Amino acid sequence: MKDTLKPGVKTTFSYTVEKEKTVPFTYPESAELREFPEVFASGFMISLMEWTCLKALRPHMAPDEGSVGVHFDISHVAATPAGLTVTVEVEVTEVSGQKVWFHVRAHDGFDMIGEGYHERYIVQWPRFYARVERKNKGGEQ
């Protein structure tokens, strides 16, 4: 991680919600979820927030580095139908070693739909992939 990553780094990203990103499509095998209206699913909203955090981090990472989400404290307070554009704003609030904290906020043009805090951990991809591969092979953690 470069020393340019500091509190105050901000990024904004917009995404138009597709039908496939709505609640009934999260687990199509679930009769309960298929009963929901086609509104932006919380899991996809959180993933969009993560994506925006990744965009904020990218200029501050070495080629073999990345980050993984390790904590989420996020509200989802308003429904967004497919077709609306959600804009996510993120700001780095703290950097401590390999941990980076963000304030995250999402708006759909009508309402603030979600807000909270997200923590990411900076990883070295070769080490991370090696650990995943050990799990895939049933080896020790």
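**Helices, strands and what lies between them**

Biologist: How far apart are the end C-alpha atoms of helix H3, residues 125-136?

Modeller: Helix H3 has twelve residues, and at 1.5 Å a residue they should span 16 Å. The expected span is 1.5 Å times one less than the number of residues. The end C-alpha atoms of H3 agree with that, being apart by 16 Å.

Biologist: Which residue just after H3 takes a positive phi?

Modeller: Before that, a word on the model: it is predicted, so local features need pLDDT of at least 70 and side-chain atom pairs count only at pLDDT 80 or more, while totals for chains, interfaces and linings use all residues. Residues are numbered from 1 along each chain as its sequence is written, and side-chain values use heavy atoms, with hydrogens and water left out. The positive phi just after H3 is about 80°, and the residue is Gly138.

Biologist: In what order do the elements run from the N terminus on?

Modeller: Helices (H or I, at least four residues) and strands (E, at least two) are DSSP runs, numbered from the N terminus. The protein has three helices and five strands. From the N terminus on, the order is β-α-α-β-β-β-β-α.

Biologist: What distance separates the end C-alpha atoms of helix H2, residues 42-57?

Modeller: H2 has 16 residues, which at 1.5 Å a residue should span 22 Å. The distance between its end C-alpha atoms agrees with this, at 23 Å.

Biologist: Which strands do the buried residues of H2 pack against?

Modeller: Buried means under 20% relative accessible area, exposed over 50%, and partly exposed in between (1.4 Å probe, protein chains only). In H2 the buried residues are Met45, Leu48, Met49, Glu50, Thr52, Cys53, Ala56 and Leu57. An α-helix has 3.6 residues a turn, so residues three or four places apart point the same way. The buried residues of H2 pack against strands S1 (10-16), S2 (65-76), S3 (85-96), S4 (99-107) and S5 (112-124).

Biologist: Leaving aside its neighbours within four places in sequence, which residues is Ala56 in contact with?

Modeller: Ala56 is in helix H2, and it is buried, with a relative accessible area of 3%. Contact means heavy atoms within 4.5 Å. Once neighbours within four places in sequence are set aside, the contacts of Ala56 are Val9, Thr11, Val90 and Phe102.

Biologist: Which side chains of S4 point to one face and are buried?

Modeller: The side chains alternate along S4.

Biologist: Over how many bridges do S3 and S4 pair?

Modeller: Two strands pair if DSSP finds at least two bridges between them. S3 and S4 form a hairpin with two residues between them, and Gly97 in the turn has a positive phi of about 60°. Glu94 stands opposite Trp101 in S4. S3 and S4 pair in the antiparallel sense, and the number of bridges is nine.

Biologist: Which residue in the turn between S4 and S5 has a positive phi?

Modeller: S4 and S5 pair in the antiparallel sense over nine bridges, with His107 opposite Met112 in S5 and Trp101 opposite Glu119 in S5. The two strands form a hairpin with four residues between them. The turn residue with a positive phi, about 90°, is Gly109.

Biologist: Which residue of S5 stands opposite Gly69?

Modeller: S2 and S5 pair in the antiparallel sense over eleven bridges. The residue of S5 opposite Gly69 is Arg120.

Biologist: What is the bridge partner of Thr16 in S3?

Modeller: S1 and S3 pair in the antiparallel sense over seven bridges. In S3, the partner of Thr16 is Thr85.

Biologist: What is the relative accessible area of Thr80?

Modeller: Thr80 lies in the loop between S2 and S3. Apart from neighbours within four places in sequence, Thr80 is in contact with residues including Val17, Phe40 and Ile113. Thr80 is buried, and its relative accessible area is 0%.

Biologist: What share of the 141 residues in the protein is buried?

Modeller: The C-alpha trace spans about 40 × 40 × 20 Å along its principal axes. Of the contacts with a separation of 6 or more, 65% are between residues 24 or more positions apart. Among the 141 residues, the buried share is 33%.
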